[in-house]
Amino acid sequence: MPDPDFDLLVARFRPVVGYKVRRALGAWNPEWEDVTNEVLAQALAKIRAGEFRGESAIGTFIYRIACRRIADYFRDKSKVLRHAPEPSSLPGPEERVDREERAARLAAAVRRLKPKYRDVVFLYDYQGLSREETARKLGLTLAQVSERANYARRLLRRMLGGSFFPSFGPRGD
Amino acid sequence: MARCVFEDRIDAYLRGELAPEEEARFEEHYFNCPACFRETAERSALRDALKAGGEAIFRERPRRIPAWAYAATAAAVFLIAVILSIPPSPPKPSPLGFSGEEAVRGEGLSVVGPSGVLAAPPDRLEWRPASGAAAYEVTLSAGEESLWSAGTTETSILLPSEIRSRIQPGRSYLWRVRAYAAEGRRIAVSEPSSFSLAR
């Protein structure tokens with residue numbers, strides 16, 4: 001019987017561990033799921049063995065395990081890859097369809113934004129200009145750039161709905 | 001929604017503007033703060049989707065919605081046709097031992113940086129957009145050793161701190177980027193760019 005507390009712990013930390021691992025490994029690296037599972041399994045094993053004594057927050061404890069596992073992953077990987085062909089980490093056809101569909105939904109939402117919000121999203125979030133450059137181009141203050149960016153993101157998120165955002169957990173089911 | 005003092009760091013984190021120790025502190029924070037994590041993950045997904053969608057998303061006149069996808073594919077097919085009509089130059093010996101299918105190396109895909117002698121390990125690798133490209137794949141190597149590879153839809157990519165910490169003085173690092181069209185075909189490869197750290 002799985003311990004219900006451990007289930008809760010996994011449910012809470014799988015998304016955050018998954019996000020950190022994907023960010024480190026590259027979003028298309030298919031190994032992120034395995035590495036994420038290993039981090040969670042290691043964390044549970046350590047907690048069961050009494051290694052978590054509450055000296056730090058539980059999130060910090062798991063964060064450190066994740067960082068060590070990611071560092072090990074890169075170290076092992078560079079040994080294995082020394083003379084091996086590079087792995088292909090391109091998105092599969094399903095992911096491409098998914099991406100096109102998402103882009104179409106996003107485009108529809110962006111078009112519903114008022115121009116003063118859309119301009120900020122375009123320069124600051126899409127083109128990646130600094131807050132200062134965005135402010136200068138649009139004749140805004142720095143605070144206005146942040147306010148409009150945050151407001152536009154909230155609107156976009158509301159229009160797109162929760163299903164647009166990945167849970168960073170395992171897919172399917 | 002209760003505001004967290006760390007919330008102001010989210011954009012800088014996603015844009016790769018935090019110093020490594022600040023980045024680690026922020027990550028440790030969001031492992032403990034579900035509100036900041038949720039905000040970070042959602043902004044990150046929104047950013048990725050915006051970047052993946054391209055400028056067409058911001059076009060004023062609503063066209064039939066998937067039109068941009070056809071246009072991108074047509075552009076990519078055209079680009080491939082153009083590339084295929086260019087007689088391949090004799091393959092150069094590659095220090096990275098990459099395979100010979102990359103006859104289009106350097107065509108339409110050039111790197112911005114880093115290159116040369118750097119004072120500190122770089123935070124990000126950056127290149128110019130290639131026409132028709134829907135995605136890019138970056139590889140970093142040192143000598144024969146492949147250190148890292150990752151995919152992105154953006155025209156720059158953050159080096160994870162785990163990789164940054166392995167960049168040492170006294171070695172030369174090579175990186176290059178490959179561009180892929182929306183249907184997954186490789187359409188361009190950059191020349192390798194090299195950097196090293198000042199001792």
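B:S141 sits in strand β4 (residues 135-142) of chain B, strands here being DSSP runs of E of at least two residues and helices runs of H or I of at least four, numbered from the N terminus. In this predicted model, local features need pLDDT of at least 70 and side-chain atom pairs count only at pLDDT 80 or more, while totals for chains, interfaces and linings use all residues. Residues are numbered from 1 along each chain as its sequence is written, and chains are lettered from A and ligands numbered from 1 in the order in which they are written. B:S141 counts as buried because 25 other C-beta atoms lie within 10 Å (buried means 20 or more, exposed 12 or fewer, partly exposed in between, with C-beta atoms placed from the backbone). Its C-alpha atom is 5.8 Å from that of B:Y173, 32 residues away along the chain.

Then there is helix α2 (residues 20-32) of chain B. Its 13 residues should span 18 Å at 1.5 Å a residue, and the end C-alpha atoms, 19 Å apart, agree with that; the expected span is 1.5 Å times one less than the number of residues. Buried in α2(B) are B:E23, B:E27, B:H29, B:Y30 and B:F31.

As for the partner chain, 42 residues of chain B are in contact with 49 of chain A, contact meaning C-beta atoms, placed from the backbone, within 7 Å. On chain B's side, α2, α3 (34-53), β4, β5 (145-152) and α5 (161-164) each supply at least two residues, with α3(B) giving the largest share, 12 residues.

Methods: Contact = placed C-beta atoms within 7 Å.
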